[in-house]
Amino acid sequence: MSHDTEHWAATGTPHGAAEDPQWSRLSPRLLLVNLSMLAGPLALFAVTVALTGANLQALISLGSLLIVFLVITGISTMRLLTTRYRVTADRVELRSGLLFRSRRSVPVDRVRNVDVEAKPMHRLFGLTSLRIGTGDNSASSRKLALDGITRRQARQLRRLLIDLRGSGRATGQDEDVTIAEMDWAWLRYAPLTIWGVGSVLAGVGTAYRILHEMKVDPLELGIVKDIEDRFGSVPLWFGILVAVVITAAVGAAVSTVTFVDAWTNYRLERERDGFFRIRRGLLISRSVTIEERRLRGVEIAEPMLLRWAGGAALSAIASGLSSTDQNRNRASLTPPVPRDEALRVAADVLAEEGSPTELTKLVRHSRAALRRRINRGLLVLAAVVAVPLGLGLWLTPVLVHTAWITALVGLPVVFVLANDAYRALGHGIRDRYLVVRAGTFTRRTVALQRDGVIGWNISRSYFQRRNGLLTIGATTAGVGCYKVRDVSVGAGLAYADEAVPRLLAPFIERVPRG
């Protein structure tokens, strides 16, 4: 890092520093990180040779993979040698490239969040990555990333950018305040997600595809043959049951391990400079910054299993976060925690006496919304039943019996899920927040600041028009659209008009009663 930049970070008076600091380089230790990328292909090569012998097709495939990684390592090394960066009083600048040169510049007043992330190999060599986001969702405005600076440089740059933003000088807060930190009793909520099972299925599918591409039949491997010899005579239904139990157990273990890796060292703080900072991670250390004045609300998510266990997870709704940040869960304020804890953190983050998501009395939707959910469930069930029914009429009567049994079992499931989805629907207003709730597999309750709503998105499908319903969504700049689904026309328009007076009024025709 240049001398001027270090002076800015140390003194906290960036405007007194030089206007044209020198360009700084990435750490040379990043070269060791790049070379470590070759460890994966080499290990895969060794394992494949040990399992399959010197299979020519496998050797060719792995050789091709090794060449690809060599190319990637070469490109990363070239980027290391040509990348320069600097921070002036009003801009962050980054330039890189030898044959194809690029130069990016971000005004300091456009900086919305400064995130720090260190992957295992980066941490091994004392490095980290600093990403500067502007909150812009366009492809041309991706985050400006410094991948391969020391931890000391990352801390100094983060503090420098926060000082340059000058967002928190009027908070009246003398020191950082901890809102929440890790409680290992929350580990009991870790297995209550379907992501672990999904990861197991995805991993098995990926492994099968890789072996198939190398002309290796997984069914011919020794370990698979041994399992077949031992358990090949058990009934099919028992084998399916055992496979389901094993998949669920492994999925729960994967979810638990993922929770430990993602949320170890978790701490949520309100910094004296007007930022929220979320720090977490075991193998991959993360530090996410959210500007407090750009917070527009919170969202409480309750996946079905987690909801049954009384748990929930809290996320921030902030205009400084891009859609990529939302998709990657960078906006998460808590891990899965007891619901009361999520509500407490929500109230603290919003600086309210209680969480608006809990205190607001929600308006229930009309019964037409229930009928729509039942009809959609029946359509899905009909599609599922049609597959074995069609094959049964074509191939064997056994599948016909499977079809009617599936229909018989599926009907009550459809009605239960449809009723649960209907009971989840609701909307309301409390003080300066509008509150929206929906979902059955994952129930989401959103509290959104009314003064952040800049427009309403109204849509009506053919079937909604027949039932006198519409979907109305509150849009917020840089955040997205939060929808009230399947609400009656009168109730939906009245809700929008009350939530943000005069915004929708020019487009509403009021019909007198009687």
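Ile405 lies in helix H15, which spans residues 397-424; helices (H or I, at least four residues) and strands (E, at least two) are DSSP runs numbered from the N terminus. The model is predicted: local features require pLDDT of at least 70 and side-chain atom pairs count only at pLDDT 80 or more, whereas totals for chains, interfaces and linings use all residues. Residues are numbered from 1 along each chain as its sequence is written, and side-chain values use heavy atoms, with hydrogens and water left out.

Together with Trp404, Leu408, Val409 and Val413, Ile405 makes a nonpolar surface patch of about 500 Å². Patches consist of residues with over 30% relative accessible area and no salt bridge, in which nonpolar side chains (Val, Leu, Ile, Met, Phe, Trp, Tyr) are joined within 5 Å and like charges within 9 Å. A salt bridge is a side-chain nitrogen of Lys or Arg within 4 Å of a carboxyl oxygen of Asp or Glu. Accessible areas come from the Shrake-Rupley method with a 1.4 Å probe; for residues, only the protein chains shown count as cover.

Six strands form an open sheet with antiparallel pairing, in the order E14-E13-E12-E17-E16-E15; two strands pair if DSSP finds at least two bridges between them. Strands E14 (337-338) and E15 (426-430) are the edge strands, each pairing on one side only. Helix H17 (residues 489-499) packs on the sheet, touching E15 and strand E16 (433-438), and its direction makes about 25° with that of E15. Axes are lines fitted to C-alpha atoms, for helices over the stretch in contact, and angles run from 0 to 180 degrees between N-to-C directions; contact means heavy atoms within 4.5 Å. Strand E12 (residues 295-303) runs antiparallel to strand E17 (residues 442-449), to which seven bridges join it. Ala301 has Arg444 in E17 as its bridge partner.

Strands E19 (residues 469-476) and E20 are likewise antiparallel and joined by seven bridges, with Leu469 opposite Ser488 in E20. The two strands form a hairpin with three residues between them, and Gly478 in the turn has a positive phi of about 75°. Arg485 belongs to strand E20 (residues 480-488) and is partly exposed, at 41% relative accessibility. Beyond residues up to four places away in sequence, Arg485 touches His365, Arg373, Leu425, Leu470 and Thr471.

Methods. Buried means under 20% relative accessible area, exposed over 50%, partly exposed in between (1.4 Å probe, protein chains only).
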